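Here are my notes on this one, jotted down while going through the model. Have a look at the structure first, then read on.

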Amino acid sequence: MAPPTTLKLDEIDLRILKALQADATIALAELAEKAGISATPCWRRVQKLEQAGIVRRRVALLDKAALNVGVTVFIAVRTNQHSVEWLERFSRAVRDLPEVVDVYRMSGEVDYLLKAYVADIASYDELYRKIIARIELADVTSMFAMEEIKSTTEIPLGFVKP
């Protein structure tokens, strides 16, 4: 994905982004009201934010437990291979696994951190076997979330200076 274009955001843009993050299905009239502008300029601003890549997409957030994927597992991966070729192979190995929802290249003791949603320990074991069948790893440590205390998709907007 290409990085978003540089776009100078103002307070109105930030109000639009805040409202869209809270509810992407918000009606245009309500969004415009929250932004403090009329509907037509509001719609133009939303389009501008989408075209600039700041609003990447609008999605529905689903209930994991209701869909029988209520177990969150963090998978810490260490490798003894640090080449671009290995990184590309690793990326391909995990990219199409639907259980894996986030993958990060890390600094420190862990090289990569994956976040996955599974139904249970047996489902995790299946995922683990898929991963190790696709790529060689030096060490894998799995940590199961006991409780989700905070989880959000909202990006903090307080760092943006209009």
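1. D10 caps the N-terminal end of helix 1, with a side-chain oxygen 3.1 Å from the backbone nitrogen of I12. That is a polar contact, meaning a pair of N or O atoms within 3.5 Å; within protein, one must be able to donate a hydrogen and the other to accept it, and residues adjacent in sequence count only if both atoms are side-chain atoms.

2. Before going further, the ground rules. This is a predicted model, where local features need pLDDT of at least 70 and side-chain atom pairs count only at pLDDT 80 or more, while totals for chains, interfaces and linings use all residues. Residues are numbered from 1 along each chain as its sequence is written, and side-chain values use heavy atoms, with hydrogens and water left out. Helices (H or I, at least four residues) and strands (E, at least two) are DSSP runs, numbered from the N terminus.

3. Which residues of helix 1 are buried? They are I12, D13, L14, I16, L17, A19 and L20. Buried means under 20% relative accessible area, exposed over 50%, and partly exposed in between (1.4 Å probe, protein chains only). The cover over these buried residues includes helix 2 (28-35) and helix 3 (39-51).

4. Leaving out residues up to four places away in sequence, R45 touches D10, I12, D13, I16 and I37, where contact means heavy atoms within 4.5 Å.

5. Next, the loop between helix 3 and strand 1, which holds both A52 and N68. A52 is buried, at 7% relative accessibility. The C-alpha atoms of A52 and L7 are 6.9 Å apart, although the two are separated by 45 residues along the chain. N68 counts as exposed, at 53%.

6. On annotation, an unreviewed UniProt entry lists residues 9-72 as "domain: HTH asnC-type". UniProt positions are given in the numbering used here, feature names are shortened, and annotations may be inferred rather than shown by experiment. In the model, the chain over residues 9-72 is 52% helix and 3% strand, with end C-alpha atoms 35 Å apart.

7. Four strands form an open sheet in the order 2-3-1-4, with antiparallel pairing. Strand 2 and strand 4 (139-144) are at the edges with a single partner strand each, so one side of each has no neighbour in the sheet. Neighbouring strands are turned by 20° against each other on average, direction ignored. Axes are lines fitted to C-alpha atoms, for helices over the stretch in contact, and angles run from 0 to 180 degrees between N-to-C directions.

8. Strand by strand: two strands pair if DSSP finds at least two bridges between them. Strand 1 (residues 71-78) pairs with strand 4 over 6 bridges and with strand 3 over 7 bridges. F74 ties into both neighbours, with M143 as its bridge partner in strand 4 and K115 opposite in strand 3. V77 has V140 as its bridge partner in strand 4.

9. Strand 2 (residues 100-105) and strand 3 (residues 112-118) pair over 5 bridges, and V100 stands opposite A116. The two strands form a hairpin with 6 residues between them, and G108 in the turn has a positive phi of about 95°.

10. Finally, helix 4 (residues 84-95) lies across strand 1, strand 2 and strand 3, at about 10° to strand 3. In the loop between helix 4 and strand 2, P98 is exposed at 68% relative accessible area, whereas E99 is buried at 18%. Leaving aside neighbours within four places in sequence, E99 contacts K115, A116, Y117, V118, L127 and K130.
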